[in-house]
Amino acid sequence: MNVTFTDTAIDRIAPLLQEDSVINLVFDTEDCGCSVNGVPTLWIVPQDKEEKLVAETNQFKLTYKAKDEIFFEEKMTIDFHDKNKSYILKSNNQIYNAGMSLVDKR
């Protein structure tokens, strides 16, 4: 998976990360009904030893679980919209989440 962070997203995320933290792209299915109904979400998590895949990015370390890979495309972009104060995960083919949160799970 290859994820490009826009300059706007980089400016918003950089101050929130610490040396020992990473961004985790999660297909969050909690309270969504079943495991194929979910919402893409970004979590800031401590860098851990758990087996996770690492996406190629232009800026931050971005991890994700192998089981979630089927919900995403090979090339995506993460942007930030000032108007609604949220992130957007998109590809050339679709918008995955136009109101994506960045949740601090440290």
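Biologist: Is arginine 106 buried, partly exposed or exposed?

Modeller: Buried means under 20% relative accessible area, exposed means over 50%, and partly exposed lies in between (1.4 Å probe, protein chains only). Arginine 106 has a relative accessible area of 39%, so arginine 106 is partly exposed. This is a predicted model: local features need pLDDT of at least 70, side-chain atom pairs count only at pLDDT 80 or more, and totals for chains, interfaces and linings use all residues. Residues are numbered from 1 along each chain as its sequence is written, and side-chain values use heavy atoms, leaving out hydrogens and water.

Biologist: Which side chain does arginine 106 meet in a salt bridge?

Modeller: Side chains of opposite charge can pair when their charged atoms come close. A salt bridge is a side-chain nitrogen of Lys or Arg within 4 Å of a carboxyl oxygen of Asp or Glu. Here arginine 106 meets aspartate 104, at 2.7 Å from N to O. Aspartate 104 is partly exposed, at 45%.

Biologist: How many salt bridges does this rule give?

Modeller: The count is four. One of them joins aspartate 82 and lysine 85, at 3.5 Å from N to O. Aspartate 82 has 47% relative accessibility, so it is partly exposed. Lysine 85 has 54% and counts as exposed.

Biologist: What is the salt-bridge partner of lysine 67?

Modeller: Aspartate 68. Their closest N and O atoms are 3.1 Å apart.

Biologist: Is aspartate 68 buried or exposed?

Modeller: Aspartate 68 is buried, at 4% relative accessibility. Lysine 67 is exposed, at 56%.
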